[in-house]
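Student: I've got a structure open and I'd like to learn how to read its features. Can we go through it together?

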Amino acid sequence: MMENENEELYQKPPSIFQMLKSFSKEALTHIANGGKNISSEDYAERLDACNSCPNLIKKSMRCKLCGCLVQHKAKWETTTCPDQPPRWKLQNIALNEKK
C-alpha cells in the first residue's frame, strides 16, 4: 500500500531532451511574436486551469505533458495548453507578418 501512495505522490516530468525541445519551440514562437504576454486576467485563468489539472506536478509547478514551468509558459501569448482538449482559451494572436 505504501508503494502505491508514493507512486501517486511522485509524478515524473518528461525527459530533459523533451523539455528542451518543447521549451525551445515555445520560446522561438514567443520571440517571433515580439515577446507579447497575455492580460493578467487571462494569466490568472490559465493558472487556475493548471492548478486543477491532473497533469500538473505541483511540487515543481511543471506540466507533466510538456515539462514547462507553468508560471512562465502561461504568461506567453503564443503558448497553448498541451492537454487534449486544451484547458486554456485560445488567444487572438496576430504573429508578426512580413508586408
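This is a predicted model: local features need pLDDT of at least 70, side-chain atom pairs count only at pLDDT 80 or more; totals for chains, interfaces and linings use all residues.

Student: Which element gives the largest share of the lining of the largest pocket?

Tutor: On a 1 Å grid over the protein atoms alone, a pocket is an open set of points with protein on both sides within 12 Å along at least five of seven lines, while a cavity is a set where a 1.4 Å probe fits but cannot get out; lining residues have an atom within 4 Å of a point. Here, H2 gives the largest share, 5 residues. The lining includes Phe23, Arg62 and Trp76. It divides into 7 nonpolar, 2 polar and 3 charged residues. Nonpolar covers Ala, Val, Leu, Ile, Met, Phe, Trp, Tyr, Cys and Pro; charged covers Asp, Glu, Lys and Arg; the others, Gly among them, are polar.

Student: What volume does the largest pocket have?

Tutor: Grid points are joined across faces, edges and corners, and a volume is the space filled by probe spheres set on the points. For the largest pocket that gives about 200 Å³.

Student: How many cavities of 30 Å³ or more are there?

Tutor: The structure holds 1. The largest cavity has a volume of about 130 Å³. Of its 16 lining residues, Cys50, Cys63, Val70, Cys81 and Pro82 lie nearest its centre. The elements giving two or more residues to that lining are H3 and H4.

Student: Is Arg46 buried or exposed?

Tutor: Buried means under 20% relative accessible area, exposed over 50%, partly exposed in between (1.4 Å probe, protein chains only). Arg46 lies in helix H3, residues 40–51, and is buried yet has no salt bridge. A salt bridge needs a side-chain nitrogen of Lys or Arg within 4 Å of a carboxyl oxygen of Asp or Glu. For Arg46, the nearest side chain of opposite charge, Asp42, is 6.7 Å away. Lys and Arg count as positive, Asp and Glu as negative; His and the chain ends are not counted.

Student: Why does Ile57 count as buried?

Tutor: Ile57 counts as buried because its relative accessible area is 8%. You'll find Ile57 in strand S1, residues 56–57.

Methods:
Residues are numbered from 1 along each chain as its sequence is written. Side-chain values use heavy atoms; hydrogens and water are left out. Helices (H or I, at least four residues) and strands (E, at least two) are DSSP runs, numbered from the N terminus.
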